[in-house]
Amino acid sequence: MNRPPVIIIQLIHISGPMKGDIQKFSEGVITIGRHPSCHLRFPADLTCVSRNHAEIAREGNQFKLTDRSTNGTLVNGKPVSEVYLKNGDILEFSKGGPKVSFLTEIRETPLEPEKPIIAHSMGIPREGPQPVIKKRLIQSAREQPAEISAQKTSKTLIIQYGPTIQSFNDLPVTLGKNPSCEFRIDMPSLFDLHAQFFFSQNQYWIKDLTGHKCILINHQPIGLQAPLTVNDTIALTYHGPIFRYVGEGRLVEVVELPDDKPSLADQRQMPQPKETEGVLSKFRKYLDEKLK
(Lines give C-alpha, C1' and ligand atoms only; values in the text may rest on other atoms or scores of the structure.)
Protein backbone atom coordinates (compact mmCIF):
# COMPACT_ATOMS: atom_id res chain seq x y z
CA MET A 1 0.00 0.00 0.00
CA ASN A 2 1.37 3.37 -1.01
CA ARG A 3 1.75 5.94 1.71
CA PRO A 4 1.36 9.70 1.20
CA PRO A 5 4.68 11.44 0.49
CA VAL A 6 6.44 13.53 3.10
CA ILE A 7 6.98 17.11 1.95
CA ILE A 8 9.92 18.89 3.54
CA ILE A 9 9.98 22.69 3.57
CA GLN A 10 13.40 24.28 3.20
CA LEU A 11 13.86 27.90 4.23
CA ILE A 12 17.17 29.26 2.96
CA HIS A 13 18.22 32.47 4.72
CA ILE A 14 19.38 34.99 2.12
CA SER A 15 19.73 37.98 4.44
CA GLY A 16 19.34 38.75 8.12
CA PRO A 17 20.90 37.34 11.30
CA MET A 18 20.82 33.74 10.02
CA LYS A 19 22.16 34.43 6.51
CA GLY A 20 23.47 31.24 4.91
CA ASP A 21 21.48 28.89 7.17
CA ILE A 22 19.17 26.24 5.71
CA GLN A 23 16.29 25.15 7.92
CA LYS A 24 14.07 22.16 7.18
CA PHE A 25 10.55 21.59 8.51
CA SER A 26 8.01 18.80 8.09
CA GLU A 27 5.27 20.16 10.39
CA GLY A 28 1.83 20.89 9.02
CA VAL A 29 2.01 24.47 10.31
CA ILE A 30 5.26 26.44 10.61
CA THR A 31 5.16 29.56 12.78
CA ILE A 32 7.57 32.44 12.21
CA GLY A 33 8.48 35.27 14.58
CA ARG A 34 10.37 36.28 17.72
CA HIS A 35 8.26 34.31 20.19
CA PRO A 36 10.12 31.37 21.82
CA SER A 37 7.44 28.97 20.60
CA CYS A 38 7.96 29.79 16.90
CA HIS A 39 9.45 27.13 14.65
CA LEU A 40 11.48 29.79 12.80
CA ARG A 41 12.56 32.04 15.64
CA PHE A 42 14.35 35.34 15.06
CA PRO A 43 16.38 37.14 17.77
CA ALA A 44 14.35 39.04 20.37
CA ASP A 45 16.06 42.35 19.51
CA LEU A 46 15.07 42.14 15.82
CA THR A 47 12.04 44.36 16.38
CA CYS A 48 11.11 44.71 12.71
CA VAL A 49 9.85 41.12 13.03
CA SER A 50 6.71 40.64 15.14
CA ARG A 51 6.55 38.10 17.96
CA ASN A 52 4.09 36.09 15.88
CA HIS A 53 4.88 37.39 12.42
CA ALA A 54 3.56 34.79 9.96
CA GLU A 55 2.75 31.14 9.45
CA ILE A 56 3.04 28.63 6.62
CA ALA A 57 0.31 25.98 6.62
CA ARG A 58 0.11 22.89 4.45
CA GLU A 59 -3.12 22.40 2.50
CA GLY A 60 -2.85 19.13 0.60
CA ASN A 61 0.28 19.50 -1.51
CA GLN A 62 0.20 23.31 -1.32
CA PHE A 63 1.53 25.71 1.29
CA LYS A 64 -0.27 28.93 2.26
CA LEU A 65 1.55 31.84 3.87
CA THR A 66 -0.55 33.99 6.21
CA ASP A 67 0.73 37.32 7.52
CA ARG A 68 -0.03 38.04 11.20
CA SER A 69 2.41 40.90 11.74
CA THR A 70 2.44 44.62 12.36
CA ASN A 71 5.06 45.53 9.74
CA GLY A 72 3.86 43.17 7.03
CA THR A 73 5.23 40.26 5.02
CA LEU A 74 6.37 40.46 1.39
CA VAL A 75 6.60 37.69 -1.21
CA ASN A 76 8.84 38.49 -4.18
CA GLY A 77 8.79 42.14 -3.11
CA LYS A 78 4.99 42.47 -2.87
CA PRO A 79 3.06 42.82 0.44
CA VAL A 80 0.66 39.92 1.06
CA SER A 81 -1.93 38.91 3.62
CA GLU A 82 -2.43 35.36 2.32
CA VAL A 83 -0.76 33.65 -0.62
CA TYR A 84 0.04 30.14 -1.86
CA LEU A 85 3.80 29.74 -2.15
CA LYS A 86 5.81 28.37 -5.08
CA ASN A 87 9.33 26.97 -5.18
CA GLY A 88 11.84 29.80 -5.35
CA ASP A 89 9.59 32.46 -3.77
CA ILE A 90 11.45 35.06 -1.69
CA LEU A 91 9.83 35.79 1.67
CA GLU A 92 10.69 39.08 3.39
CA PHE A 93 9.55 39.60 6.98
CA SER A 94 8.82 43.37 7.02
CA LYS A 95 10.21 45.81 4.46
CA GLY A 96 14.00 45.63 4.70
CA GLY A 97 13.80 42.74 7.15
CA PRO A 98 15.31 39.25 6.89
CA LYS A 99 14.71 37.32 3.67
CA VAL A 100 14.39 33.59 3.08
CA SER A 101 13.92 31.49 -0.03
CA PHE A 102 11.07 28.95 0.05
CA LEU A 103 11.68 25.48 -1.41
CA THR A 104 10.00 22.11 -1.00
CA GLU A 105 11.38 18.59 -1.22
CA ILE A 106 9.14 15.55 -1.68
CA ARG A 107 10.23 12.32 -0.04
CA GLU A 108 8.47 9.01 -0.41
CA THR A 109 7.54 7.40 2.91
CA PRO A 110 9.56 4.19 3.11
CA LEU A 111 7.63 0.97 3.63
CA GLU A 112 8.77 -1.45 6.29
CA PRO A 113 10.58 -4.32 4.58
CA GLU A 114 9.04 -7.74 4.90
CA LYS A 115 11.00 -10.17 7.01
CA PRO A 116 12.68 -12.81 4.86
CA ILE A 117 11.64 -16.42 5.27
CA ILE A 118 14.60 -18.44 6.49
CA ALA A 119 14.37 -22.02 5.32
CA HIS A 120 16.13 -23.75 8.18
CA SER A 121 14.07 -21.95 10.81
CA MET A 122 10.96 -23.67 9.42
CA GLY A 123 12.50 -27.12 9.50
CA ILE A 124 13.24 -27.17 5.75
CA PRO A 125 16.71 -28.61 5.17
CA ARG A 126 19.19 -26.69 3.10
CA GLU A 127 20.34 -28.39 -0.07
CA GLY A 128 23.95 -28.42 -1.17
CA PRO A 129 26.77 -26.09 -0.16
CA GLN A 130 25.81 -22.53 0.60
CA PRO A 131 27.15 -19.89 -1.80
CA VAL A 132 29.87 -17.59 -0.60
CA ILE A 133 28.89 -13.96 -1.08
CA LYS A 134 31.86 -11.88 -2.12
CA LYS A 135 31.97 -8.16 -1.70
CA ARG A 136 32.38 -6.26 -4.94
CA LEU A 137 34.44 -3.17 -5.24
CA ILE A 138 32.18 -0.54 -6.75
CA GLN A 139 33.93 2.23 -8.59
CA SER A 140 32.94 5.64 -7.42
CA ALA A 141 30.73 7.49 -9.91
CA ARG A 142 32.98 10.49 -9.46
CA GLU A 143 35.87 8.53 -10.95
CA GLN A 144 34.12 7.36 -14.10
CA PRO A 145 36.62 7.83 -16.94
CA ALA A 146 34.06 7.90 -19.76
CA GLU A 147 32.57 11.26 -20.59
CA ILE A 148 28.79 11.45 -20.38
CA SER A 149 27.12 13.46 -23.10
CA ALA A 150 25.09 16.45 -21.85
CA GLN A 151 21.83 16.01 -23.74
CA LYS A 152 19.14 18.70 -23.70
CA THR A 153 16.44 17.82 -21.16
CA SER A 154 13.42 19.58 -19.64
CA LYS A 155 14.62 19.52 -16.03
CA THR A 156 14.54 22.35 -13.49
CA LEU A 157 17.70 23.92 -12.07
CA ILE A 158 17.44 26.57 -9.33
CA ILE A 159 20.54 28.50 -8.24
CA GLN A 160 20.59 30.90 -5.28
CA TYR A 161 23.60 33.22 -5.40
CA GLY A 162 23.74 36.25 -3.12
CA PRO A 163 20.30 37.87 -2.78
CA THR A 164 18.94 36.47 -6.05
CA ILE A 165 17.52 33.16 -7.22
CA GLN A 166 17.53 32.15 -10.87
CA SER A 167 15.47 29.25 -12.21
CA PHE A 168 16.04 27.30 -15.44
CA ASN A 169 13.56 24.89 -17.03
CA ASP A 170 15.96 23.31 -19.54
CA LEU A 171 19.39 21.75 -19.15
CA PRO A 172 22.30 21.89 -19.76
CA VAL A 173 23.11 25.27 -18.15
CA THR A 174 26.55 26.86 -18.55
CA LEU A 175 28.10 28.93 -15.75
CA GLY A 176 30.96 31.40 -16.10
CA LYS A 177 31.79 35.07 -16.45
CA ASN A 178 31.21 35.26 -20.20
CA PRO A 179 27.99 37.13 -21.12
CA SER A 180 26.96 34.14 -23.25
CA CYS A 181 26.59 31.92 -20.14
CA GLU A 182 23.07 31.14 -18.95
CA PHE A 183 24.21 31.78 -15.35
CA ARG A 184 26.84 34.50 -15.22
CA ILE A 185 29.13 35.24 -12.26
CA ASP A 186 31.54 38.07 -13.01
CA MET A 187 34.38 37.02 -10.71
CA PRO A 188 38.14 37.13 -11.52
CA SER A 189 38.72 33.59 -10.23
CA LEU A 190 36.27 32.10 -12.76
CA PHE A 191 36.87 31.24 -16.41
CA ASP A 192 34.68 32.59 -19.20
CA LEU A 193 33.19 29.09 -19.56
CA HIS A 194 33.66 27.53 -16.15
CA ALA A 195 31.08 24.80 -15.43
CA GLN A 196 28.08 23.08 -16.93
CA PHE A 197 25.12 21.52 -15.14
CA PHE A 198 23.24 18.72 -16.91
CA PHE A 199 20.93 15.79 -16.19
CA SER A 200 21.74 12.20 -17.09
CA GLN A 201 21.14 8.70 -15.67
CA ASN A 202 18.38 10.05 -13.39
CA GLN A 203 20.63 12.51 -11.58
CA TYR A 204 22.15 15.95 -11.88
CA TRP A 205 25.80 16.36 -12.91
CA ILE A 206 28.41 19.10 -12.96
CA LYS A 207 31.12 19.28 -15.63
CA ASP A 208 34.41 21.18 -15.34
CA LEU A 209 34.90 23.24 -18.52
CA THR A 210 38.19 24.83 -17.41
CA GLY A 211 40.59 21.98 -18.10
CA HIS A 212 42.43 22.85 -14.87
CA LYS A 213 40.52 20.70 -12.32
CA CYS A 214 39.20 23.86 -10.71
CA ILE A 215 35.91 22.44 -9.40
CA LEU A 216 35.80 20.61 -6.08
CA ILE A 217 33.07 18.51 -4.50
CA ASN A 218 33.45 18.01 -0.76
CA HIS A 219 36.97 19.53 -1.09
CA GLN A 220 38.14 17.04 -3.75
CA PRO A 221 38.77 17.98 -7.43
CA ILE A 222 36.28 16.21 -9.70
CA GLY A 223 38.39 15.95 -12.83
CA LEU A 224 36.06 16.09 -15.84
CA GLN A 225 32.55 15.62 -14.39
CA ALA A 226 30.73 14.27 -11.35
CA PRO A 227 27.18 13.46 -10.19
CA LEU A 228 25.61 15.54 -7.45
CA THR A 229 24.17 14.07 -4.27
CA VAL A 230 22.22 15.81 -1.51
CA ASN A 231 24.38 17.99 0.81
CA ASP A 232 27.38 17.96 -1.52
CA THR A 233 29.54 21.07 -1.11
CA ILE A 234 30.58 22.44 -4.51
CA ALA A 235 33.46 24.92 -4.76
CA LEU A 236 33.83 26.38 -8.23
CA THR A 237 37.49 27.18 -7.42
CA TYR A 238 39.76 27.04 -4.39
CA HIS A 239 38.90 30.73 -4.02
CA GLY A 240 35.10 30.25 -4.15
CA PRO A 241 32.24 30.73 -4.67
CA ILE A 242 30.85 27.75 -2.78
CA PHE A 243 27.42 26.15 -3.13
CA ARG A 244 25.52 23.35 -1.43
CA TYR A 245 23.39 20.95 -3.44
CA VAL A 246 20.12 20.51 -1.52
CA GLY A 247 18.50 18.08 -3.94
CA GLU A 248 16.13 18.16 -6.91
CA GLY A 249 18.32 20.49 -8.95
CA ARG A 250 18.68 23.20 -6.27
CA LEU A 251 21.95 24.95 -5.39
CA VAL A 252 22.37 27.51 -2.61
CA GLU A 253 25.42 29.65 -1.91
CA VAL A 254 27.20 29.02 1.38
CA VAL A 255 30.27 30.42 3.10
CA GLU A 256 32.42 27.53 4.18
CA LEU A 257 36.14 26.94 4.63
CA PRO A 258 37.54 23.58 3.49
CA ASP A 259 38.56 20.91 5.99
CA ASP A 260 41.61 19.92 3.94
CA LYS A 261 44.08 22.20 2.25
CA PRO A 262 44.78 21.59 -1.45
CA SER A 263 48.08 20.09 -2.46
CA LEU A 264 50.90 22.32 -3.71
CA ALA A 265 50.68 20.60 -7.07
CA ASP A 266 47.01 21.48 -7.35
CA GLN A 267 47.76 25.06 -6.41
CA ARG A 268 50.39 25.36 -9.15
CA GLN A 269 47.83 24.15 -11.70
CA MET A 270 45.27 26.71 -10.64
CA PRO A 271 45.10 30.07 -12.47
CA GLN A 272 46.03 32.89 -10.12
CA PRO A 273 43.04 35.24 -9.70
CA LYS A 274 43.23 38.86 -8.71
CA GLU A 275 42.55 39.78 -5.11
CA THR A 276 38.86 40.26 -4.32
CA GLU A 277 37.20 41.87 -1.35
CA GLY A 278 35.20 40.50 1.54
CA VAL A 279 34.75 36.78 2.10
CA LEU A 280 36.85 35.69 -0.89
CA SER A 281 39.93 37.66 0.20
CA LYS A 282 39.67 36.07 3.65
CA PHE A 283 39.38 32.69 1.95
CA ARG A 284 42.59 33.35 -0.01
CA LYS A 285 44.46 34.49 3.12
CA TYR A 286 43.30 31.34 4.91
CA LEU A 287 44.76 29.13 2.17
CA ASP A 288 48.03 31.08 2.06
CA GLU A 289 48.50 30.69 5.81
CA LYS A 290 47.76 26.98 5.68
CA LEU A 291 50.30 26.43 2.92
CA LYS A 292 53.19 28.26 4.64
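This is a predicted model: local features need pLDDT of at least 70, side-chain atom pairs count only at pLDDT 80 or more; totals for chains, interfaces and linings use all residues.
Local features were taken at pLDDT of at least 70 and side-chain atom pairs at pLDDT 80 or more, while totals for chains, interfaces and linings use all residues. Residues are numbered from 1 along each chain as its sequence is written, and side-chain values use heavy atoms, without hydrogens or water.

Pairing requires at least two DSSP bridges between two strands. β16 (residues 195-200) and β17 (residues 203-208) are antiparallel and share 6 bridges. F198 has W205 of β17 as its bridge partner.

The largest nonpolar core has 25 residues. Such a core is a set of buried Ala, Val, Leu, Ile, Met, Phe, Trp, Tyr and Cys residues joined through side-chain atoms within 4.5 Å. I206 and I234 have the most contacts inside this core. Two or more residues each come from β12 (157-161), β14 (173-176), β16, β17 and β22 (242-247). β16 gives the largest share, 3 residues. A second, separate core of 21 residues includes V49, L65, V75 and V80.

The structure holds 0 disulfides (cysteine sulfur pairs within 2.5 Å). C181 is buried, because its relative accessibility is 8%. C48, at 25%, is partly exposed. Buried means under 20% relative accessible area, exposed over 50%, and partly exposed in between, with a 1.4 Å probe and protein chains only.

Technical notes
Helices (H or I, at least four residues) and strands (E, at least two) are DSSP runs, numbered from the N terminus.
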